[in-house]
Amino acid sequence: MLAAAQNVQAVLAGRSLSDTLAATDPALRASVQAVAFHTMRQLGLATTLRELLVPRTPPSALLDALLKVALALLDTAARAADPELPAVMGRETPVYAPHTVVDQAVRAAGRHKKLQPFKGLVNGVLRRYLRERPTI
């Protein structure tokens, strides 16, 4: 998830996703590509959700990208679990259990020196989204 966030951050800074993925560890590239492409397809929604849940601009562009990646994945998980919601599914759409997305996002924050102080924020924002999703 951290590698996907780094790629999304680079795209938001003006780089090509294809170029940034080429620099990704080959062992991670396929999964990072799936998650990063999915996030880019859901970027408008993920940005809006992040702005609703964290009104201030996060202190780090990478933190912002990590939250957007996780929120895009959580929204997809919610749509997959709720038959009344329109699906955002395609053959390459990654679908993970919500608790897995939260866990992996918090772990990703913990693995990056600059994001470690924000592990609690990541956890709180994502859990709040899960609680408040029906009203959001």
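Modeller: A pocket is an open set of points on a 1 Å grid over the protein atoms alone, with protein on both sides within 12 Å along at least five of seven lines; a 1.4 Å probe fits at the points, and lining residues have an atom within 4 Å of a point. This is a predicted model: local features need pLDDT of at least 70, side-chain atom pairs need 80 or more, and totals for chains, interfaces and linings use all residues. Residues are numbered from 1 along each chain as its sequence is written, and side-chain values use heavy atoms, without hydrogens or water.

Colleague: Which residues lie nearest the centre of the second largest pocket, and how many line it?

Modeller: Ten residues would be the count in words: it is lined by 10 residues, with Asp-75, Arg-79, Tyr-129, Arg-133 and Ile-136 nearest the centre. Helices α4 (43-53) and α5 (61-81) each give two or more residues to that lining. A helix here is a DSSP run of H or I, at least four residues long, numbered from the N terminus.

Colleague: What is the volume of the second largest pocket?

Modeller: About 160 Å³. That volume is the space filled by probe spheres set on the grid points, which are joined across faces, edges and corners.

Colleague: What makes up the lining of the second largest pocket, by class?

Modeller: There are 7 nonpolar, no polar and 3 charged residues. Nonpolar covers Ala, Val, Leu, Ile, Met, Phe, Trp, Tyr, Cys and Pro; charged covers Asp, Glu, Lys and Arg; the others, Gly among them, are polar.

Colleague: And the largest pocket: what are its volume and its lining?

Modeller: Its volume is about 370 Å³. The lining has 16 residues, and Met-1, Leu-2, Ser-31, Val-35 and Gln-104 lie nearest the centre. By class, that lining divides into 11 nonpolar, 4 polar and 1 charged.

Colleague: Which helices each supply at least two residues of the lining of the largest pocket?

Modeller: α1 (2-12), α3 (29-41) and α6 (98-111) do. The largest share, 5 residues, comes from α6.

Colleague: Why are the buried residues of α6 said to line one face?

Modeller: They are Val-101, Val-102, Ala-105, Val-106, Ala-108 and Ala-109. Seen down the axis of α6, they fall within an arc of 155°, so they line one face. The arc is taken from the directions between the helix axis and the C-beta atoms. On the other side of α6, His-99 and Arg-111 are exposed.

Colleague: What about the span of α7 and its buried residues?

Modeller: Helix α7, residues 119-132, has 14 residues and reaches 20 Å, close to the 20 Å expected. Its buried residues are Val-122, Val-125, Leu-126 and Tyr-129. They fall within an arc of 90° down the axis of α7, so they too line one face. The face turned away from the buried side carries exposed Gly-120 and Arg-131.

Colleague: Why is Tyr-129 called buried?

Modeller: Buried means under 20% relative accessible area, exposed means over 50%, and partly exposed lies in between (1.4 Å probe, protein chains only). Tyr-129 has 2%, so it counts as buried. Its C-alpha is separated by 17 Å from that of Phe-118, 11 residues apart along the chain.

Colleague: Why is Gln-42 called buried?

Modeller: Gln-42 lies in the loop between α3 and α4. Its relative accessible area is 12%, so it is buried. Val-69 is 27 residues from Gln-42 in sequence and 8.9 Å from it in space, C-alpha to C-alpha.

Colleague: How do you know that Thr-76 is buried, and what does its side chain reach?

Modeller: Thr-76 lies in helix α5. At 0% relative accessibility, it counts as buried. Its side chain reaches the backbone oxygen of Ala-72 at 3.0 Å. A polar contact is a pair of N or O atoms within 3.5 Å; within protein, one must be able to donate a hydrogen and the other to accept it, and residues adjacent in sequence count only if both atoms are side-chain atoms.

Conventions. Expected span 1.5 Å × (residues − 1).
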